[in-house]
Structure formats: structure tokens, C-alpha cells
Amino acid sequence: MAVRGQTVLVRQFELVVVEGPDAGALVRSEGDELSIGTNEGNDLQLTDPSVSRHHCTLRATERGLELRDLGSRNGTFVGDAEIASAYVRSGTHLRLGATTVAVQVLDHEFVHPIATTSQLGPIVGGSTAMRRLYPLIETCAQSAATVLVTGETGTGKELIAAAIHDHSERRRRPYGIIDCSALSHDLAESELFGHERGAFTGADVRRIGAFESAEGGTVFLDEIGELPLSLQPLLLRALEKRTIRRVGSNEQRAVDVRVVAASHRDLRALVNEKRFRADLFYRLNVLRIDVPPLRERKGDIEVLAAHFWTMFRPDHRPPPALLENLAAQSWPGNVRELRNAVERAALLGLGPDPAMPPPEARSYQDAKDRAMLAWERDWVAQLFAAHDGSVLRAARAARMSRGHLRELARRHGVATAPGEVDDE
């Protein structure tokens, strides 16, 4: 992958089955990624029963071809080494069950446009990885198809979803957000599709769900991988038939909404674990945007840090030494973690900023607010560390609601354990 002017050149690569039931099968990339597995929808679909439904992927990156196992049953091997994630060279042989696949990088290159600007709405980033996304976001916005936004926690998937809506013809219509990880298991169907009065205990009035409320607009389903299996067929029907049924009603109601879904986990791995329906995955994966982690966005840390600083301290320029220090650190929590670090520095007066008022020049309330913010973040981090990131156990120990604690964790960029199911 190389940058030339306002384009990115991506080398084509191919996969050839050299041993196994599908010997001779070949597929060539038409974009950045090729997937291998037995399910329909994989670029290289195999019949080998020892290969998982979604076994692994290869993706062209600036560093080379990235091989990633998708939680396969029998593993992905290069020689005697089992690979979870690694960069492989042309000529590498992959062993998947009883199948061997040869990887070959070709001479042909695909040309992809990149934006000339370093910002799209609230999305900030001038790196090649981000400027490749901006034209893709605008293209997705002009389509009515469902979009799946993937990326690690804290990469800004919600901003991508909002940008798709804001650049679409639906921008003047409602934009609804549903956090599937925060849905109560018993009330999830009502949150999405609404309910009639008397549908269940406590249903004293009719409720309009997210799909009906966003009529003519967009529904953003955040962390779609956490949606209960029992609801997935209903969502599939809503996407395919464009109809929904309120809880307690027999009437199917037509809805006109555009769905954007996001997940920090690869849904293909959840399909392998039988925690996500394959047919729903394919229906969501019509258009896909993969948001790069901060470690792949060269030069963006300083830009983002300066941007966040002006949000919290618009009256002062960001201290150069602070920006330099932030750029030298790793950010496993991605943009969200960086934002929280800058907010804390701005509010607490960290960094060699001569314009920052000394402690004696600050009001009592200002000093108290800054100290409370620092204490709160440390308390939340220590609480989750003591309970292995479990929202349920941490909330019980703190004697507070999970919703409130989850919001505190998000505010301060504290990671929580994935895959927890609420039983409230």
C-alpha cells in the first residue's frame, strides 16, 4: 500500500488452495480484504469440514498483509506456529484444518481515492488511514443500504454513523441511537419495536419504539453483537421486510428507516460461536466501514490532542510539551482514551502551560471540580480492575445502578468486560 497524490495504491493478492478437498480453487482480491471459510459470503469458500464457517481473513495494510484468525475451531497455522494475528509475506502457506492455502502478492494495483481535507464534520484526522474513510463515508451516505461500522472500542464508530446520516438525504429526519449492550434483556424488543398498553406487567401506556420514532431517518444500533439471539430474527425481518410489530400487537407496521450498525467485535467470530445469526450478519454487512485504531493513524495523535484541548480550553493554545508527551504514548483505548487524557490535563492544569492559572489563582469551586474529576476517574478504574471489568459485579460492590456505572466508565475511558448480559 502506497500513497500517490490524492490516491492510495493497494496491491492485489490471491489465495490458491494447494492441498485439501478444494485443491485448485483460487480467488483474487478486489479490495483490501479476503475472507476464508465454509459459509457462503466468504471470498474463498471451502468445503473442508475441519475449516470453520468464518476461519480467517487477510487484509492489505501499510505494513503488509495482515492475517487474522476469527476464533476458528482448529486454528490457523503457518508452519508449526498457530497464528492469531500476524503479518505474512508473499509465498506464505497457511494451514487451515486439512487445507493448505498459498498466499501470493500480485503486480496489479487498485487505486483508491483519499480526501484532501483532514476533517469530515466532527471526525478529525489527516492520516492516510482516515482520509481513505471520508470518501467511503460519503458514498455510503448516498446509498439506502445497511452499513456495518467495525473497529476497536474508542475509535469513533458513533461519529462515523452520525456522519453517514448527516451527509444523507435523511439528514433532516430523526436520528435514533440504541446501545444494544445497555438494553435490558426483557425490554429489548420494546425498546426497538415498541409495545401496546397491557402487553406485559408495567406496560401502562403504549410505547413507540426506536424504529417507528426514526421514521424517514436513521437508526444507529451500537454494539449490535450484544443483541440477544431471541431478537435477531425480529431485526432480520425488519431489515428484509421493512416492517415491525409492537409487543402485544398482531399488526405488522411498515417503517422507512435506514440502519447503521456498529460492533467492536468481528461478527464473523460471533457467528462461529453461534452467538450471532449468519443471515443477520450478511444482511448487515451490505456496506462496511472498518475504522482504524489510533496506532494505525500516523500523525493524528497530535492533531486530535490539539483539537480536544481547544474544546476544553478555547482560551489557550495547547502546550507543545504536552502534545509531544501524548504523541509518544500508546493509546489502547484509542481516541476516547486520548480525549479523556486531554480533558483531564486541561481541567487539572497538567502540562507546562504558562497561561494556566496557578492554584492560588483558581476559585475554590474550580479547584474542587478538578480534584473530584481526577478522584472519580481513579475510583472507577480501580473498581473495575478489582472486578475484572464486570459491570454487574462492580455495580453490586459500589451499590449503584449498572447504567450509571457504565456511563461513568465511558466518560473516563475505562474498559469493561465484553459480552456481559444484563439480567435487570
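Predicted model: local features only at pLDDT ≥ 70, side-chain atom pairs only at ≥ 80, totals over all residues.
## The nonpolar cores

Let's start inside the protein. The largest nonpolar core holds 31 residues, and Phe211, Leu221, Ile224 and Phe276 have the most contacts inside it. Several elements give two or more residues to this core: the helices H3 (188-193), H4 (210-213), H5 (232-241), H6 (267-272) and H7 (278-284), together with the strands S17 (218-222) and S20 (258-263). Of these, H5 gives the most, with 4 residues.

Beyond its neighbours within four places in sequence, Phe276 is in contact with Ile224, Gly225, Leu229, Gln232, Leu267, Leu270, Val271, Phe281 and Leu284.

## Helix H2

The buried residues in H2 are Lys157, Ile160, Ala161, Ala162, Ala163, Ile164 and His165.

## The second largest pocket

H2 turns up again here: with 4 residues, H2 provides the largest share of the lining of the second largest pocket. Other elements that each supply at least two lining residues are strand S16 (175-179), S17, helix H10 (334-348) and helix H13 (402-412).

This pocket contains about 920 Å³ of space. Its lining has 34 residues, and those nearest the pocket centre are Thr153, Glu223, Arg336, Arg410 and Thr416. By residue class, the lining comprises 12 nonpolar, 10 polar and 12 charged residues.

Conventions:
Residues numbered from 1 in each chain as written. Heavy atoms only, no water. Core = buried A, V, L, I, M, F, W, Y, C linked by side-chain atoms within 4.5 Å. Buried < 20%, exposed > 50% of the residue type's maximum accessible area, 1.4 Å probe, protein only. Contact = heavy atoms within 4.5 Å. 1 Å grid on protein atoms, 1.4 Å probe; cavity = no way out; pocket = protein on both sides within 12 Å on 5 of 7 lines; lining within 4 Å. Points joined across faces, edges and corners; volume = space filled by probe spheres on them. Nonpolar A, V, L, I, M, F, W, Y, C, P; charged D, E, K, R; others polar.
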